[in-house]
Amino acid sequence: MAYEPSDRTGADDGADALALKILVAGGFGVGKTTLVGSVSEIRPLRTEETLSRAGELVDDTGGVDRKTTTTVAMDFGRITIRAGLSLYLFGTPGQDRFWFLWDELSQGALGAVVLADTRRLEDCFPAVDYFEHRKIPFVVAVNCFEGARSYREQEVSRALDLDQGTPVVLCDARDRDSGKEVLVRVVEYAGRMHTARHLDTVG
Amino acid sequence: MNDTHGDGPGGPPAPDSRWYDAEAGPLVRPYAMTGGRTRPGPGGERFDLIALVVADDDPPNPDEEAVLGPEHRDLLALCRAETRSVAELSADADLPVGVVRVLLGDLLESGFLRVSRPVPPAQLPDARILREVIDGLRAL
């Protein structure tokens, strides 16, 4: 039978284990898989979701380079904090037509990272919109590619028209420490948002 | 293929695998393994991608294991080796998530597995757990 962890103290046998989920979103080629790989303790795994809703595919005529396919791959990684507490990272599929998968992925997510490349900032607009509308806490992590002009956090924040308080961090997706820091910011921000909402409902 | 027989243009085609390779995709349609079912059985369990699956050491009808299909058994073996998330099981068994969900539903119904659901969004983990996660990440 399915059940939730009823007692969080000393809950470290498998069935009482707690798993948290952080999504990694952003445009194609912005470094999502790289980020997942740099912080994950397992090599990034791929899982495939078979599309049983064929209709989802029909109305997309947007690009010639898009393959017609019946499966979509998702990259994911895992970080074990301790026995019974682990963090899973999911790279969201880049193509728009897989939005419905995002709905599933984002359900119960602690928070999200929107990876951005300042040379193509518009690529991350859909992800920003998505998380803002669903009130999922997210941070924007600017992946600092070599050769790209560097911007300050405030400039990126303004360019993306982010809600006040949404953190922007500069990072190098290839670097483990940098990736870890991005995740720390997500967890901190998610905690703050959650507390604020809790106070809202109480008071 | 380096077979020595087919060296002329009129040579007979090698009888083996020239018609397909990894690029051709799976040779068995995914939902053939589930008997055409695309959703888990009557229990209606909807497995989250990060739901953690554990093998039950003491299943109610252990004899039923003998009649399980090969994919069911593969999944069960993976769960016995280590608690895994649905996403990991899908990757490790090399099966699409949708198929894995149906097969896990069968195993859950026959009592071979236990599943832990992730925390629903309305009750995100308390500050203490988040602190632990942050400290854990920094210590990696």
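Helices here are DSSP runs of H or I with at least four residues and strands are runs of E with at least two, both numbered from the N terminus. A residue counts as buried if 20 or more other C-beta atoms lie within 10 Å of its own, as exposed if 12 or fewer do, and as partly exposed in between, with C-beta atoms placed from the backbone. On α6(A) the buried ones are Gly179(A), Lys180(A), Val182(A), Leu183(A), Arg185(A), Val186(A), Val187(A), Ala190(A), Gly191(A) and His194(A).

A word on the model: this is a predicted one, where local features need pLDDT of at least 70 and side-chain atom pairs count only at pLDDT 80 or more, while totals for chains, interfaces and linings use all residues. Residues are numbered from 1 along each chain as its sequence is written, and chains are lettered from A and ligands numbered from 1 in the order in which they are written.

Zooming out, chain A has 6 helices and 8 strands, in the order β-β-α-β-α-β-β-α-β-α-β-α-β-α. Of its 203 residues, 40% are buried. Call two residues in contact if their C-beta atoms, placed from the backbone, lie within 7 Å; then 73% of the chain A contacts with a separation of 6 or more are between residues 24 or more positions apart.

Now for two helices and their lengths. The expected span is 1.5 Å times one less than the number of residues.

| Helix | Residues | End-to-end C-alpha distance | Expected span |
|---|---|---|---|
| α6(A) | 27 residues | 39 Å | 39 Å |

Next, the strands. β6(A) has 6 of its 6 residues buried. One side carries Gly111(A), Val113(A) and Leu115(A), the other Ala112(A), Val114(A) and Ala116(A). Strands pair if DSSP finds at least two bridges between them. β6(A) runs parallel to β2(A), with 5 bridges, and Ile22(A) has Gly111(A) as its bridge partner. β6(A) also pairs with β7(A) in the parallel sense over 5 bridges, where Ala116(A) stands opposite Val142(A).

β6(A), helix α4 (residues 125–133) of chain A and β7(A) form a right-handed β-α-β unit; right-handed says that, with the strands pointing away from the viewer, the path from the first strand over the helix to the second runs clockwise.

β5(A) (residues 85–91) is largely enclosed by the rest of the structure, because 7 of its 7 residues are buried. β5(A) pairs with β2(A) in the parallel sense over 7 bridges, and Val24(A) sits opposite Gly91(A) there.

Finally, the nonpolar core, meaning a set of buried Ala, Val, Leu, Ile, Met, Phe, Trp, Tyr and Cys residues joined through C-beta atoms within 7 Å. The largest one has 79 residues, and Ile22(A), Val113(A), Val114(A), Leu115(A), Val86(B) and Leu104(B) touch the most other members. Its largest share, 8 residues, comes from helix α3 (residues 97–109) of chain B. That helix, α3(B), has 12 of its 13 residues buried, so it is largely enclosed by the rest of the structure. As for Val114(A), its contacts include Cys124(A), Phe131(A), Phe138(A) and Val140(A), leaving aside residues up to four places away in sequence.
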